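Please keep the sequence and the model side by side while you read.

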Amino acid sequence: MIRNGLSAFALLLSATAVTPVLAQAAAPVAAAPAATPAGADAFVEQVQKESQEYSLDASRIAWVNATYITDDTDALAAKSGAVGTEMAVRFALGAAKFDGVKGISPDTRRKLDILKNGLTLPAPTTPGAAQTLSDLSTKMSSSYGKGRGLKDGKPINGSDIEAAMGTSRDPAELKEMWVSWHDNVGAPMRGDYAKMAAIANEGSRELGFKDTGAMWRSGYDMPADDFAKLTDQLWKEVEPLYLSLHTYVRAKLNAKYGDAVQAKTGPIRADLLGNMWAQEWGGIYDVVAPAGAGDLGYDVGDLLKAKQYDPIRMVKTGEGFYSSLGFAPLPKTFWERSQIVKPADREVICHASAWDLDNKDDIRIKMCTKVNADDFTTIHHELGHNYYQRAYNKQPLLYQGGANDGFHEAIGDFVALSITPDYLVKIGLLDPAKVPGADKDIGLLLRQAMDKVAFLPFGLMMDKWRWGVFSGAIPTSGYQKGWDDLRLQYQGIKPPVARDETRFDPGAKYHIPASTPYARYFLARILQFQFYKAACDQAGWKGPLHRCSFYDNKQVGARLNTMLTMGASKPWPDALQAFTGTRQMSGKALVEYFAPLKAWLDQQNKGKPSGW
């Protein structure tokens, strides 16, 4: 599950991700500064002052709404969010006015760019356009939330149908769920999505971007087209591993279901992979697990229960990991104010998240923790956000964020990779005599690859499709074909039934109607392994990479802290270099991590056709 960290400026910008920005309603509260370097400096200072004044109350309102859901807290959050939206739009339009001004310092120019790139759906100043864009976005998001598919001919909601896709092994039932969800949820919003894309493009051009896709790609310290090339380069590095996994899984599905359902060659039928969008395949691990190697010999959840862990002790253990690296303990207020378990007396949002309310030390997590392996991992992940937030809290407000939007997710994920048998032994959870032997490695790696490797092409093609829509390379008359072509090209999958241009399968994935950029998740999957290998190298680890834990290594912690304290103050290659020693984002560490699995898969795949 994808989780998020919230800090003050991120909170301000998050309002624009939920509600399209209302440009025409954005009236400056003071006279516009002169279009000079001094005027730019003054504008940035005013933005940071106004944002700081807004953020604490807004953060508190958002926190109370998430941990105490009532009509009243909903209303307070909506009002606060509208104020944040207005501010973010006004700041972006104000920043754009300095685009042609020469002599602006690099620091101020960076802050202006952050303000411009903070928006997701900018509305143009054309009268009525902002309201139309808001109405379209709200309508699509609401339609998605109310969406229903069919299972055994009966309506089923989104969360239930998603779970059923992971457990059903009946091809006819899987097809019914897949087709009904995509037809009922995606297809009706096709026309609205086309209108929304056109209006957002007008707004992006007013901000000085070629189109909305170019605006999204401009937040990575390089020209928009260069970022697209970087994602292609990263994909090429990991594609052979994905191809080996695809070949193996296709053969297993063919063995289970037969040629009539899944052929031995060609693409995989999208509904057979245990997930509505075929983005992660862990749901069908039982179908592909190698005989004898799938059982690790222990379950972290069972170990926690045997040692009588409760949720608080689980979080204390997560804190202990970061303390072992040399990070200061979490503040007293963390324990007083976090939601660690689900309250029994009220409705809350259980989706795990990490918060920074005051840009200083009021950091918290919000979880409905249960004593199991997944939540133990999630705790290590969420605390990564908190330690990142605290590390950059001395930076100017506009620099209080990840080096790019992939970094924040990758920090928690790379720490979670260190929950290895070695780590579990060191903290007293696993008996050294019960550390699984090397014969269990393939099962462990395959289980991870079914999610982490399988996700990579999906994580990339989601925005590839939208970049094409915004640029016009995918015309409104070819939305479905463009989607199907990219799914085939990158994932090697096909829909279970023929699709035509009356359909709109992209709309059946939440992030499309919600207009949430997705490249960050692709980057996070790559970066987490790059960070992990760097930490293991610094710790002097000599064994297989996937067995490494850098627990209790202060040198690693010091290098990591150097990167974290930079926040967004420098281009991301500078931050990457501070920790890893290289300025190049690379998929090579991911490939090395899964190298034993790749060799094993290639042995299993001998004599079988690969590709599609």
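In this predicted model, Gln491 is a buried residue, because its relative accessible area is 0% and buried means under 20%.

**Around Gln491**
- Gln491 lies in helix 20, which covers residues 479-491, and its side chain has a polar contact of 2.9 Å with the side chain of Arg487.
- The side chain of Gln491 also reaches the backbone oxygen of Ala278, at 3.1 Å.
- Leaving aside neighbours within four places in sequence, the residues in contact with Gln491 include Tyr242, His246, Trp277, Pro457 and Trp612.

**Helix 13**
- Helix 13 (residues 311-324) has 14 residues and spans 20 Å from its first C-alpha to its last, which is close to the 20 Å expected at 1.5 Å a residue.
- Among the buried residues of helix 13 are Met314, Val315, Phe321 and Tyr322, and the helix is followed by Gly326, whose phi is positive, near 105°.

**Aromatic pairs**
- The whole structure holds 42 aromatic pairs, and one of them is the edge-to-face pair of Phe321 and Tyr423, with 5.1 Å centre to centre and 75° between the planes.
- Phe321 belongs to helix 13 and Tyr423 to helix 17 (residues 421-426), so this pair ties together parts that are 102 residues apart in sequence.
- Phe321 is buried at 0% relative accessibility, and Tyr423 is buried with a relative accessible area of 0%.

**Charges over rings**
- The charged end of Lys116 sits over the ring of Phe209, 4.8 Å from its centre, while Arg313 lies over the face of Tyr309, at 3.9 Å from the ring centre.

Terms used. Residues are numbered from 1 along each chain as its sequence is written. This is a predicted model: local features need pLDDT of at least 70, side-chain atom pairs count only at pLDDT 80 or more; totals for chains, interfaces and linings use all residues. Side-chain values use heavy atoms; hydrogens and water are left out. Helices (H or I, at least four residues) and strands (E, at least two) are DSSP runs, numbered from the N terminus. Buried means under 20% relative accessible area, exposed over 50%, partly exposed in between (1.4 Å probe, protein chains only). A polar contact is a pair of N or O atoms within 3.5 Å; within protein, one must be able to donate a hydrogen and the other to accept it, and residues adjacent in sequence count only if both atoms are side-chain atoms. Contact means heavy atoms within 4.5 Å. The expected span of a helix is 1.5 Å times one less than its number of residues. Rings of Phe, Tyr and Trp (its six-membered ring) pair if their centres lie within 6.5 Å; planes under 30 degrees apart count as stacked, over 60 as edge-to-face and the rest as tilted. A charge sits over a ring if NZ of Lys or CZ of Arg is within 6 Å of the ring centre and within 35 degrees of the ring normal.
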